[in-house]
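Subject: Structure handover

Hi,

Here is the structure for you to look over. My notes follow below it.

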Amino acid sequence: MIQATTSLRRTLALGLVAGSVGVTACGVSTQQEIDMGRQYAAEINRQLPIVTDPQVHRYINELGNLIQRQEGNRDIPYTFYVVNSEEINAFAVPGGFVYINRGLIERTDNLSELAGVLAHEIGHVEARHSAEMMERMQAAQVGVGLASILLGGPPSGLAGAAVDVGATAYFARHSREAENEADAIAVRLLPSAGIDPAGLVTFFKELIEERERTPSTLEQWFSTHPLTEERIANVRNLIQALPPQQNLAITSQTYQTFKQRVRSLPAPPAQFRNRD
Ligand code: ZN
């Protein structure tokens, strides 16, 4: 395992900045995106406590694929992973690998909220937000061995924070525009999957309230997914503009069973538990 140093991280960060200014997109093909995503995912899976419980893994993949497999979406395989970390966070790696922490799942109140978060992450992949970051990294010639560098930092404080922060720093630190775009995709996908999109609004509001109570559990989420009252208002407007549709699910028995199962998983490794 390569240990990341501060200067390496800084170099990468600078590379990213340089890469994003005046670089002609070299274009990462879908196949390249999937191949690189697979490598990153393999590295991430070695370093994060991925939940292997078959019921949990099956449900999150069924739900994620129900939301994603729709007319007009990208024809790439998606894989969803639950991470045994108490931190409230979720992120997507290029190529269709989506990670969601148990801490976030346990904080959702219903299917609509959980599906909203998944749909938002799917939105980042559909809009190629992280693939665009790869293009910028490639342009800045800092792509090689990136996964090791990203993930090699020694975990400190909460939650192997170095691990997550590394990955999310590159693949989930999105601009406000990207956040709005991912939200808009989520609002479009959820009703087509038969799920009420209102959970996006209620969950975002809960996160903002949670941040006021215990900021430490949400550091990563807010640093990687800019979330403001304005963004919530945008989502609400998008939902109001949808054609009226009946029988959208707010929750389901399978969601409840899944959440119970997640709650009963073994405790996360020490560095993936909340400090407070
Ligand atoms: Zn986001």
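**Helix α3 and its cap**

Asp53 caps the N-terminal end of α3, with a side-chain oxygen 3.1 Å from the backbone nitrogen of Gln55. Bear in mind that this is a predicted model. Helix α3 covers residues 54-68, 15 residues in total. From first C-alpha to last, α3 reaches 21 Å, close to the 21 Å expected at 1.5 Å a residue.

Much of my interest here was in burial. The buried residues of α3 are Val56, Tyr59, Ile60, Asn61, Leu63, Gly64, Asn65, Ile67 and Gln68. What covers them includes two strands, β1 (79-83) and β3 (97-101). Helices α5 (111-126), α9 (176-192) and α13 (253-263) are also among the covering elements.

Next, β3. Five of the five residues of β3 are buried, so the strand is largely enclosed by the rest of the structure. Both of its faces are covered. Phe97, Tyr99 and Asn101 are buried on one side, Val98 and Ile100 on the other.

β3 pairs with β1 and with β2. Strands β1 and β3 run parallel and are joined by five bridges. Val83 has Asn101 of β3 as its bridge partner. Strand β2 (residues 90-93) pairs with β3 in the antiparallel sense, over four bridges. Phe91 stands opposite Tyr99 of β3. The hairpin of β2 and β3 has three residues between the strands. In that hairpin, Gly95 takes a positive phi near 90°.

**Aromatic pairs**

How many aromatic pairs does the structure hold? There are four. In one of them, the ring centres of Tyr78 and Phe80 are 5.9 Å apart and the planes are at 20°, so the pair is stacked. Tyr78 and Phe80 are both buried. Phe91 and Tyr99 form another stacked pair, at 5.0 Å centre to centre with 10° between the planes. Phe91 and Tyr99 are buried too. Ring pairs also link Tyr81, Phe91 and Tyr99 into a cluster.

**Asn234**

One last residue. Asn234 lies in helix α12, residues 229-240. Is Asn234 buried, partly exposed or exposed? Asn234 has a relative accessible area of 28%. The cut-off for buried is under 20%, and for exposed over 50%. Asn234 is therefore partly exposed. Asn234 and Asn180 are 54 residues apart in sequence, yet 7.8 Å apart in space, C-alpha to C-alpha.

Best wishes

Methods. Residues are numbered from 1 along each chain as its sequence is written. This is a predicted model: local features need pLDDT of at least 70, side-chain atom pairs count only at pLDDT 80 or more; totals for chains, interfaces and linings use all residues. Side-chain values use heavy atoms; hydrogens and water are left out. Buried means under 20% relative accessible area, exposed over 50%, partly exposed in between (1.4 Å probe, protein chains only). The expected span of a helix is 1.5 Å times one less than its number of residues. Contact means heavy atoms within 4.5 Å. A polar contact is a pair of N or O atoms within 3.5 Å; within protein, one must be able to donate a hydrogen and the other to accept it, and residues adjacent in sequence count only if both atoms are side-chain atoms. Two strands pair if DSSP finds at least two bridges between them. Rings of Phe, Tyr and Trp (its six-membered ring) pair if their centres lie within 6.5 Å; planes under 30 degrees apart count as stacked, over 60 as edge-to-face and the rest as tilted.
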